[in-house]
Amino acid sequence: MSVLVFADAANGKFKKSAFEVVSYGKKVAEQLNTNLVAVTINVSANEELFTYGAEKVISVSESKLTTFIAKAYSSIIKQVSEVENATVIVLDSSIDTLYLAPLVAVSLDAGYVSNAVALPTSINPFTVKRKVFSSKGFADTIISTEKKIVGVAKNSFGIHENPVSGTVEEMSISLSDSDFGVKSEKIEKASGKVTIADADVVVSAGRGLKGPENWGMIEELATVLGAATACSKPVSDLGWRPHGEHVGQTGKPVASNLYIAIGISGAIQHLAGVNASKVKVVINSDPEAPFFKAADYGIVGDAFQIVPELITKLKAFKLAQ
Amino acid sequence: MKILVCISHVPDTTSKINFTDNDTKFDTNGVQYVINPYDEFCLTRAMWFKEKQGATITVLNVGNATTEPTLRKALAIGADDAIRVNAEPNDGLSVAKEIAAVVKNGNYDLVLAGRESIDYNGGMVPGMIAFLVDYHFVNGCVGIEVDGNSVMLVREIDGGNETLSSTLPMVVAGQKGIVEEKDLRIPNMRGIMMARQKPLQVVEPVASKNATEVQSYQKPAPKGAVKLVNSDNIDELINLLHNEAKVI
Ligand SMILES: Cc1cc2nc3c(=O)[nH]c(=O)nc-3n(C[C@H](O)[C@H](O)[C@H](O)COP(=O)(O)OP(=O)(O)OC[C@H]3O[C@@H](n4cnc5c(N)ncnc54)[C@H](O)[C@@H]3O)c2cc1C
Ligand SMILES: Nc1ncnc2c1ncn2[C@@H]1O[C@H](COP(=O)(O)O)[C@@H](O)[C@H]1O
């Protein structure tokens, strides 16, 4: 018996969420009195996972996987889980992992709980708390199948060091043609930009900014903070900003450490998608804006006056650090 | 091309969420139900396939009789017929098994579903269907074109897009981008009248065992009051974010 964690990587480098799920998996393994095994695909710096408690890392190198292919990845995770006799599989919530997770679940006939926000509250029955209703509720959910899959919501457990001396084992996995039924043709990415999924800080702006020409200060604020930029739904519907920046219930979910909302009213659908952020700051000229009720810090005032001043002061603050 | 669009019946996005029966059940009191927003984008894309490429559209829900108005709405938008699998949708894997049985039975070329349902946010049913019926699968799809048997797709990835190619039959989980907000259709009077005549078939479930079960629900802890900072005291905000919240 073991607990298996898939440590997701991009271009051979672990995503931050990989360290979070290894930290989580380590605790689950302790609860179950068993070992933690991590599986990685096309990563060389596997030793990094020892820091978070992975005693054993199964390293799969596959030259056919120059890009992410969900079916092939799921097939690798399934096969490793069988070799390692894993009863619990822990996954992160990256876009790629969300794509492969249901495939792994069915291939093992395993119950799958996504959006888990805490460690299992009970091992028998195996019970995990997950977010439901777009963060408007939580559900303690029992997984009753023999094999269990837990998808950990981003930034909900945190990264915890737990250094162990571990081993890395290479494993070769056989993939079939049917694992490659979907082919990657082209990848387009804004280079050098912090993505919403990876960002510790997200700077987001809404219709209060009046027009696309006013986004210069939002981008500058994001640069100063090393943040990703985001926007409310009408802003992307109006074409002021690209769709990829739309956050909220029907857009991208945000679970950053700091979320700064500028000229966003705080409609229920917007809040549903960003509430998981740890600290929320609101800048809005209307003291009655609903977002103030969901925020930790707020400034009532004109964004066109406050944001430039915030940029100047933050630059000075960063220099003084 | 035979298209199946999976329609999840969910509380309107403005709904207040409450729980009853000792916090073991979702409180449906006063809740308005709608087609899951992601599924609505997919249904609209299916309509384009129907209008431009002569596809037929079946809409499907796994649920009890209370979901029928939602299926009728999908018929009013333009789907040709509807199927309701008469089962309580309590668990992603068993819902997927029900849908897979319908897909096998109907030999659909393209199954469209939403990236996630906004009630239970599982994000799992479409991928599970694909694996169960052995169709190719793309998740988080923001663009799809079908030419004969070949399919070109775009999916959202961190910080950008990926273009993919595959072949029918496929399961595709879509989201905004597969069509735009402005393309969504509101059923007109004629559509609503016609929907009443269209077939809505009720089928009995294959009844698989649930893999998961909700024991109890909770609401999030109430939020403390916001700390307001004066607009001429930006230094104080920076101080709070650095020393109190420790986020910068
Ligand atoms: C099914 C459905 C799904 C939806 N999903 C989403 C979603 O995922 N994400 C989302 O964001 N929305 C979503 N919405 C839309 C949502 O209901 C709101 O309409 C939207 O969030 C409002 O965007 P906003 O706050 O930018 O604009 P507004 O509501 O117009 O608010 C603008 C704000 O800017 C403030 N302001 C104006 N001028 C200034 C200034 N000079 N300085 C500072 N502040 C200023 C105003 O006081 C106001 O509070 C959804 C709606 C529906 C029906
Ligand atoms: N009970 C259901 N009936 C029909 N389709 C469903 C049902 N539940 C989920 N789906 C489909 O699967 C998608 C993802 O749902 P989920 O995995 O529950 O987040 C939804 O957007 C629907 O298209």
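The lining of the second largest cavity comprises 6 nonpolar residues, no polar ones and 2 charged ones. The structure is a predicted model. The volume of this second largest cavity is about 40 Å³. Chain A contributes Phe68(A), Ile69(A), Ala70(A), Tyr99(A) and Val182(A) to its lining. Arg155(B), Glu162(B) and Leu164(B) come from chain B.

Across the whole structure, the search returned 4 cavities of 30 Å³ or more. The largest cavity reaches a volume of about 50 Å³. Its lining also draws on both chains. From chain A come Phe133(A), Lys136(A) and Gln249(A). From chain B come Pro11(B), Asp12(B), Thr13(B), Ser15(B), Ile17(B), Ile118(B) and Asp119(B). By class, the lining of the largest cavity holds 4 nonpolar, 3 polar and 3 charged residues. The lining of the second largest cavity, by contrast, has no polar residues.

Several elements of chain B give two or more residues each to the shell around the ligand: β6 (56–62), α3 (92–106), β8 (110–114) and α4 (125–133). β6(B) supplies the largest share, with 3 residues. In total, 21 residues surround ligand 2. The closest are Asp39(B), Ser117(B), Gly123(B), Met124(B) and Val125(B). The shell divides into 11 nonpolar, 8 polar and 2 charged residues.

Oxygen atoms of ligand 2 lie close to N or O atoms of chain B at several points. One such approach involves a side chain: an N or O atom of Asn36(B) is 3.0 Å from a ligand oxygen. At Gly114(B), a backbone N or O atom lies 2.9 Å from an oxygen atom of ligand 2. At Met124(B), the corresponding distance from a backbone N or O atom to a ligand oxygen is 2.8 Å. Met124(B) is also listed among the closest residues of the shell. Taken alone, ligand 2 exposes 480 Å², and the protein buries 95% of that area.

Methods. Residues are numbered from 1 along each chain as its sequence is written. Chains are lettered from A and ligands numbered from 1 in the order in which they are written. This is a predicted model: local features need pLDDT of at least 70, side-chain atom pairs count only at pLDDT 80 or more; totals for chains, interfaces and linings use all residues. Side-chain values use heavy atoms; hydrogens and water are left out. A residue is near a molecule or strand if one of its heavy atoms lies within 4 Å of it. A polar contact is a pair of N or O atoms within 3.5 Å; within protein, one must be able to donate a hydrogen and the other to accept it, and residues adjacent in sequence count only if both atoms are side-chain atoms. Accessible areas come from the Shrake-Rupley method with a 1.4 Å probe; for residues, only the protein chains shown count as cover. Helices (H or I, at least four residues) and strands (E, at least two) are DSSP runs, numbered from the N terminus. Ala, Val, Leu, Ile, Met, Phe, Trp, Tyr, Cys and Pro count as nonpolar, Asp, Glu, Lys and Arg as charged, and the others, Gly among them, as polar. On a 1 Å grid over the protein atoms alone, a cavity is a set of points where a 1.4 Å probe fits but cannot get out, and a pocket is an open set with protein on both sides within 12 Å along at least five of seven lines; lining residues have an atom within 4 Å of a point. Grid points are joined across faces, edges and corners, and a volume is the space filled by probe spheres set on the points.
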